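Let's walk through this one together, from single residues out to the whole fold. Keep the structure open beside you as you read.

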Amino acid sequence: NRLAWVRLRVCRLQGKVIMAESGSPIIIEGPRGQIIPNSGEPSESCPITSEDIKLMEAEFECFDEAKGWKRLSQTDVAEVWKKSDGSPIPLIKGMLFLPDVPLTKVLELVLVLERRILWDTRYSVLEDVEKYDDYSTLYWSVKIQGPTTDRDFVVNMFYGINKNGVYYLCGKNGTHPNKPEVPGLVRGETILTGMQLYPDKDDPNSTRVNILLQDDIKGYIPKFISNAFYGKAPVQWRDTLHKYYHDVYKHEKSEK
């Protein structure tokens, strides 16, 4: 199935969305390449495996309290869930709604890193370190509230689209010789990170985004800060993206 899996490559910041034939994956152009669909499962050399993707999908679908899931908050546009199954590092899930933001625009705002750094205020640095055949190694530095030391991460990320047309990202911890640990930052570890993006079933001009976060941020962090880092991140992410799209992005495009 040509829609089974894809890898995505990013290029022009002020680029455009290329709509292929009906039923084909969306292609986006950015500053350094195109987001081009590529069928096939992750290769043997890819650190993200088919099992990692199946695990991510299973966690997105599960809301069973018996398996440790508990809802932390709920509004009309966001639900946040936390899984506590004995692990000291919680798994956070956000089910987010972006009204009046089309999927094509969300894909550009999320995947074009040169664009994303403009609105995703969690990051002080966000880089695509190296691209391989079917995944990328990313580096980011995350701002931590208050006097606490900022964290940085090296993450291997696979980009895809499943047989139902749902775009997804699946990532876990990585290393790279060009990104050793940095003095003044604490190197965190990403156990699992994932995202699903697809049009709202009732309004194709609105988008649903599901997020999974499981990061070991290492070292000592006051509990109120760690709770904010884990529990509030999905809602803040949604609100910031939605505001940027309507207040900045749409005006930029309309002026051209």
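**Starting from Q196**

Setting aside neighbours within four places in sequence, Q196 is in contact with E57, F60, V166, Y167, Y168, R208, V209 and N210, where contact means heavy atoms within 4.5 Å. You'll find Q196 in strand β12. Helices (H or I, at least four residues) and strands (E, at least two) are DSSP runs, numbered from the N terminus. Q196 counts as buried because its relative accessibility is 12%; buried means under 20% relative accessible area, exposed over 50% and partly exposed in between, with a 1.4 Å probe and protein chains only.

Before going further, a word on what you're looking at: this is a predicted model, in which local features need pLDDT of at least 70, side-chain atom pairs count only at pLDDT 80 or more, and totals for chains, interfaces and linings use all residues. Residues are numbered from 1 along each chain as its sequence is written, and side-chain values use heavy atoms, with hydrogens and water left out.

Next, have a look at helix α1, residues 50-61. Its 12 residues reach 17 Å from first C-alpha to last, close to the 16 Å expected at 1.5 Å a residue (the expected span is 1.5 Å times one less than the number of residues). Which residues of α1 are buried? They are S50, D52, I53, M56, E59 and F60. F60 is also among the contacts of Q196. As background, an α-helix has 3.6 residues a turn, so residues three or four places apart point the same way.

Now over to L96, in strand β6 (residues 91-98). With 0% relative accessibility, L96 counts as buried. Leaving out residues up to four places away in sequence, L96 touches V77, A78, T207, R208, V209, N210, I211, P234, W237 and R238. Take V209 from that list: L96 and V209 are 113 residues apart along the chain, yet their C-alpha atoms are separated by 5.1 Å.

In the loop between β6 and α2 (103-111) sits D100. D100 isn't a glycine, but has a positive phi of about 65°. Most residues other than glycine have a negative phi. D100 counts as partly exposed because its relative accessibility is 49%.

Another loop, between β1 (17-18) and β2 (27-30), holds S24. S24 counts as buried, at 15% relative accessibility. S24 and G165 are 141 residues apart in sequence and 8.8 Å apart in space, C-alpha to C-alpha.

Then there's the largest pocket, with a volume of about 670 Å³. Of the 34 residues that line the largest pocket, R122, Y123, V142, L213 and A233 are the closest to its centre. On a 1 Å grid over the protein atoms alone, a pocket is an open set of points where a 1.4 Å probe fits, with protein on both sides within 12 Å along at least five of seven lines, and lining residues have an atom within 4 Å of a point. α4 gives the most to this lining, with eight residues. By class, the lining has 22 nonpolar, seven polar and five charged residues.

Finally, zoom out. The protein has four helices and 13 strands, and 51% of its 256 residues count as buried. Among contacts between residues at least 6 apart in sequence, 57% join residues at least 24 apart.

Technical notes
Grid points are joined across faces, edges and corners, and a volume is the space filled by probe spheres set on the points. Ala, Val, Leu, Ile, Met, Phe, Trp, Tyr, Cys and Pro count as nonpolar, Asp, Glu, Lys and Arg as charged, and the others, Gly among them, as polar.
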